[in-house]
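Welcome, and please open the structure in your viewer. We will go from stop to stop, selecting a few residues each time.

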Amino acid sequence: MVWNNEKQPRVRFAPSPTGFLHIGGVRTALFNFLFAKKNGGLYYLRIDDTDKERSKKEYEEEIIAGFQKLGLLWDNKEIIRQSERLILYKKYLEKLLTEDKAYISNETNVKEGERAEVIRLRNPNKKIEFEDLVRGKVVFDTSELGDFVIAKSLDEPIYHFASVIDDLEMAITHVIRAEEHLSNTPRQILIQEAVGAESPIYAHVPLILAADRSKLSKRQGAVTLKEFLEQGYLPEGILNYLALLGWHPADNQEIFSLSELIEAFDLNRVQKGGAIWNTEKLNWVNREHLNKIPNLQIVIADKIKEVLRLGENKETEIILEKIAPIVLERISKFGDIKEMADRGELAYFFQAPEYPKEMLFWKKDKDSSRTYERLVKVREILGGEASLGGFASKYKNELLALAEKEGRGEVLWPLRVALSGLEKSPDPFVLLKILGEKEALLRIDKAINILV
């Protein structure tokens, strides 16, 4: 279905503050934002906090802070909260009761065995048909719903009722939301008809699914915006990737800024089928945005300094400058730097490593005397006390010649361990350049002494 309405579109994203914001909710908010901005409309943020028991202020604050970080800024001057609009809902409930479109029902709570009064809408038991911008023609038989509850009392409207009244009062023209809310639509249309509201245009976007086509959940890893931001993903990377889940541009472009997404977005290009989450693709997209950061290697160096809590000194700054390009090659998000640090892949650049003697042995080679002799030869090739300044190519050629004679692993493995204390690290020639003459020779001497 193509939307040709001349009315200025007004959309809303209405999260419930009952937990940290799911990444699928962020995608829904993004689609609303892009649609509004592309069509010269307004995008509102509303907090649907009618669930008094589960709603928490910390979750609301996280939602607001998250959208501010992402740049998905709303057009309403003040946040709209359902908990502050109970008088409004009561007015509409009283009107429906007066018009006999709803009634008070005395019922027994099955679990607690207590009598309670609820307000039910009189269901006309008819078929409802509407055009969805994503799913096309949708038909529901509402007779299956019966007279459904719209409020626990005049002061306690349930979600469906409060949402309809808010959309009416906010003059919402389009409701863009996840496919899982499609089943809510017939109830809400019946409420709209009862209060005399014009139904908004609906667009139910596909769910985000895990690789096994199950609903994306905790067991697949991070699922909340808070977690992705804490892992060091860039706001630009998150938004770019989410836009590509269930939507595709008219061309083959994959990397977008937010302004480019606004320009390219077309709700008619949203697919019906589920969107499969792919962390590798997210990392690739984020990496592309990472590379757009000005003075990126300086930023990387600062991040390393922060993670390792390094002090200010000239030697540290020199090493940071040398390792920043290496670290950059190995990360797709800033959080990878902390993960590298946690694995011990950074600290050894700044402090001589500790390791057991056995690590110096290459595979099944348990002869400490042979490993000792090879490291001594390496030490001699590196010129004894002579300078490693610039690491002249003759050193590398001589080391490689020794490795050719004695065995590449037999020579370079103990050298790597002596310099890094790790089984996996940049190759020893790179490490020699980074550590420099004094530190490299000290570490080789330490390894030799361990083997004595």
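Is Glu373 buried, partly exposed or exposed? Select Glu373 to find out: with a relative accessibility of 37%, this residue counts as partly exposed. Keep in mind throughout the tour that you are looking at a predicted model.

**Stop 1: helix H13**

Now select Lys377 and Glu406, which form a salt bridge with closest N and O atoms 3.4 Å apart. Lys377 is in helix H13 while Glu406 is in helix H14 (residues 393-406), so this pair ties together parts 29 residues apart in sequence. Lys377 counts as partly exposed at 30%, whereas Glu406 is buried at 16%.

**Stop 2**

Next, pick Asp166 and Arg85. Their side chains meet in a salt bridge of 2.6 Å, N to O. Asp166 lies in helix H4 (residues 159-169) and Arg85 in the loop between strand E3 (80-81) and helix H3 (86-98), which puts the partners 81 residues apart. Asp166 is buried, with 0% relative accessibility, and Arg85 also counts as buried, at 19%.

In total, the structure holds 33 salt bridges.

**Stop 2: aromatic rings**

There are 13 aromatic pairs in the structure. For one of them, select Phe13 and Phe67: the ring centres are 5.7 Å apart and the planes stand at 90 degrees, so the pair is edge-to-face. Phe13 comes from strand E1 (residues 10-13) and Phe67 from helix H2 (residues 57-70), 54 residues apart. Phe13 is buried at 9% relative accessibility, and Phe67 is buried at 0%.

Then show Phe31, Trp247, Phe256 and Phe265, a cluster linked by ring pairs. Also look at Lys226, which lies over the face of Phe20, 5.1 Å from the ring centre.

**Stop 3**

Strands E5 (residues 115-121) and E8 (residues 149-153) pair over 2 bridges, and Arg120 has Val149 in E8 as its bridge partner.

Technical notes
Residues numbered from 1 in each chain as written. Predicted model: local features only at pLDDT ≥ 70, side-chain atom pairs only at ≥ 80, totals over all residues. Heavy atoms only, no water. Pairing = 2+ DSSP bridges. Helix = DSSP H or I, 4+ residues; strand = E, 2+ residues; numbered from the N terminus. Phe/Tyr/Trp six-rings, centres within 6.5 Å; stacked < 30°, edge-to-face > 60°. Buried < 20%, exposed > 50% of the residue type's maximum accessible area, 1.4 Å probe, protein only. Lys NZ or Arg CZ within 6 Å of the ring centre and 35° of its normal. Salt bridge = Lys/Arg side-chain N within 4 Å of Asp/Glu carboxyl O.
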